[in-house]
Amino acid sequence: MKSLQLATALGFALSAPLAFAVGPPKQPSASELLRNIERLSTVGNVLYVAAHPDDENTRLLAYLANEKLLRTAYLSVTRGEGGQNLIGPEQGFPLGLIRTQELLAARRIDGADQFFTRARDFGFSKSAEETLSIWDRDAILADIVWVIRSFKPDVIISRFPPQGSETHGQHTASAQLTVEAFRAAADPKFHPEQVEKVGTWQARRVVWNKFFFGRPIEEAPGLIKLDVGAYNPLLGVSYGEMAAVSRSMHKSQGFGAAPSRGPALEYFELLAGEPVSRDIFDGLDLSWSRVQGSKKLVELLAKARQKFKATAPQESIPQLLEIQAELQSLPANPWKDEKQKEAVAAIVGAAGLWADAYASEYNVAPGAELKVNTVVLSRNPAPLELREVRLPGKTVPVHKPLAANQPIQMEQLLRISAEAPLSIPYWLAQPPAPGTFRADNPALIGLPENPPSLSAEFVLGSGRYSFSVSRPISYKWTDPVEGERYRPVRIVPRLMVNPELALLVFPDDKPKQLRVVLKAGDAHVAGTLRPELPADWRISPAFHSFQLANKGDELEVTFQIEPVRKPASFFSATLSLVAEVEGRKMSRGYTEIQHSHIPIQAMFPEAQVKLTRFDLQKAKTNIGYILGPGDEVPAALRQVGYKVTILEDESLRNEPLDRFDAVVVGVRAYNVNRRLPFYHRKLMDYVAGGGTLVVQYSTSNRLSTVPQEIGPYPFEISQERVTDENAAVTFEIPNHPVLRQPNPLGQADFAGWIQERGLYFAGKWSERYEAILSMHDPGEPPRKGSLLATRYGKGAFVYTGLAFFRQLPAGVPGAYRLFANLIAYGR
Ligand SMILES: [Zn+2]
């Protein structure tokens, strides 16, 4: 029985979860169904590993999953939260949630599964050594081993080579760990607690999916070629076309892709394991002959393929039921559980079976009631009956045959357990370490997202056969633009505590107001809200009492906060807001992330506000601001007393600029605002007349090039960056006004920066610019293009690649002081 338990553990650990799409569950067409029946005969798994969302080769994944019919998965070591966001203001953890969902959306198209480790994407890294010193090396290696041991790939494909430094350090590190994990997965002494659950696993080999990135292809001996450009007549697409749709899901990265058609060669080089001569699957039998006692199954599968009728797929159901039962009777093997799920999915598809469970609300609190409707409908005349519906805390016997196209509908009232855990993404439930997320429940490690908080199981059958279909309990509604939309039902706190800001900056001794919105997750929620704060601060009142009658009700309360001592340079503290409701402490807020290509995501941040006190002098305060995508700098500037007017196209065209002390251009504004170059003359005239123009970086890369003219004199934007946020900063022109006025700067102003110093520095510039700072990453020459300034006419122009867009929203004092000086430069 031991082996059976292993199989069960494997199924639980890393089977494709009930991934949630934005729309209703998809039903296969008859040709997709035929392809799914054919897939039942292929027995083998392949795992692709790289570092980030977008590193994966979607064309190869599409080919392996749909042409070779292998169970294919992409293991992205990180969730990509250190990148930049082209579609909204989300950065950090919320961006990681978006990228996770973009990968799941891509996988729904190319048919692969998706896994992750606990590694954090801490931003650009120039070496594998640096990466592996920030990640918890053993934990991340163990996570990759865990995915290998439970997914059991025959072949592992690494996107990157384990040597070399031509790409991101996280890339090289992912490859090094993959090769190491390939060996460690087979070693019973490595993390034996995993071995108890899923056993060891020896993949046949690891190969590198070689890339040339625009360089001529090197035809080296030992290089394996694979043409993945085939066309699939059952699906009506080539894998290049499928890959383009899949890759275009990476919308937060601007990866809309055009399809390729015709031959598409992929190249592979052996990294470890058994030698290879023709094909990456050399020496592997990818059929049921790898499992003893499968003779009858193979015959049944052949018959099912042969007899399949596209116009009456339900006629295959008796055979598919027999196949499912035969799979169940096989001795434990690494493929059995997944193949049973595929067989059940084929039965569901053949019956045109619609099974859905939807609730009257999308959020429910522990202890509350929830109305749930279930519907089961066989759209083809199938010999099936609905035997049972299992809901959380309730099993409803049914035992009714499913008449063709006649739904069986029920409404149930559920009581959610008072101890039900909140639907917090598992890797965000605890504050993470600098390089690594924590996961309290080891069974969730590797999974892309939490299993659904609430799900329904429909038990169906025919004669002696029985099988079940699970669906997340969802909420559905009709959007006037998008049509029918689905979202999962989540468990939320009875009371949600949402401070209006995550950061409060005090540039002087004056008190500030903080508004906090209390929102009821249930009816009749009453209690008190208390702020918790260290002694350097005064806050009033000491508490607020509240009483919320209805679910969804909101109440806004205000606290006044005041720093009570003078800063030597600066000091900061964390304010925690803790509510008490019927003896339970509640200190989490609730926010949603909405983008139309992914399901609505929810975050439950701790109700905490960072307070920072430092002295900031401002010589000019009236600013016009041209926004970059998802720009949070204007809000950060308003916090410290600037008057910020956002300049849309119309005001740029029609209104004079000389009413502003300075005009600031947001990060990547030149990349997204195609009309900005038309205002170049107007902006330069504004500078010549005495204005100050501060331009934050725009990127010059594959996504877009920037216009020739941004400043009054030529300069080029390069790909140079300094990723070490603690890199020493040298004042090249120590008495330059931007380092002296109105805030005299010193080294302390470059302490406490986050993630990076800056990026997209100027590479070459006219001698009329002054390069004010110099800095560099370890082992690199000094980079002087982070901050260029010049006088022009009566005014001044500044270009900066310093990462103010990260530092200001994070409340870094020195960044505020330097930015205030840039705004003040000129007249
Ligand atoms: Zn990458």
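Q: Helices (H or I, at least four residues) and strands (E, at least two) are DSSP runs, numbered from the N terminus. At what angle do helix H11 and helix H12 pack?

A: About 165°. Their axes are 9 Å apart. Axes here are lines fitted to C-alpha atoms, for helices over the stretch in contact, and angles run from 0 to 180 degrees between N-to-C directions. H11 covers residues 317-329, and H12 covers residues 336-350.

Q: What kind of model is this?

A: A predicted one: local features need pLDDT of at least 70, side-chain atom pairs count only at pLDDT 80 or more, and totals for chains, interfaces and linings use all residues. Residues are numbered from 1 along each chain as its sequence is written, and side-chain values use heavy atoms, with hydrogens and water left out.

Q: His52 and His171: buried or exposed?

A: Both are buried. That means under 20% relative accessible area; exposed is over 50%, and partly exposed is in between (1.4 Å probe, protein chains only).

Q: New topic. How many salt bridges does the count come to?

A: 48. Each is a side-chain nitrogen of Lys or Arg within 4 Å of a carboxyl oxygen of Asp or Glu. One of them joins Glu269 and Lys210, at 3.0 Å from N to O.

Q: Where are Glu269 and Lys210 in the chain?

A: Glu269 is in strand E9 (residues 265-273). Lys210 is in strand E5 (residues 205-210). They are 59 residues apart, so this pair links distant parts of the chain. Lys210 is buried at 10% relative accessibility, whereas Glu269 is partly exposed at 27%.

Q: What does Arg538 meet in a salt bridge?

A: Glu562, at 3.5 Å from N to O. Arg538 is in strand E25 (residues 537-540) and Glu562 in strand E27 (residues 554-563), so parts 24 residues apart in sequence are tied together. Glu562 is partly exposed, at 23% relative accessibility.

Q: And which side chain meets Lys784?

A: Glu732 does, at 3.7 Å from N to O. Lys784 is partly exposed at 36%, and Glu732 is partly exposed at 34%. Shared partners also join Lys126, Glu720, Asp777, Glu780 and Arg783 into one salt-bridge network.

Q: Switching to the backbone: where is a peptide bond cis?

A: Between Ser540 and Pro541, with omega about -5°. Pro541 is in the loop between E25 and strand E26 (544-548). Gln741 to Pro742 is also cis, with omega near -5°. Most peptide bonds are trans.

Q: What is the phi of Asn405?

A: Positive, about 60°, although Asn405 is not a glycine. Asn405 is in the loop between strand E14 (394-401) and strand E15 (408-415). Its relative accessibility is 44%, so Asn405 counts as partly exposed. Gln755 also has a positive phi, near 60°. Gln755 is in the loop between H17 and E39.
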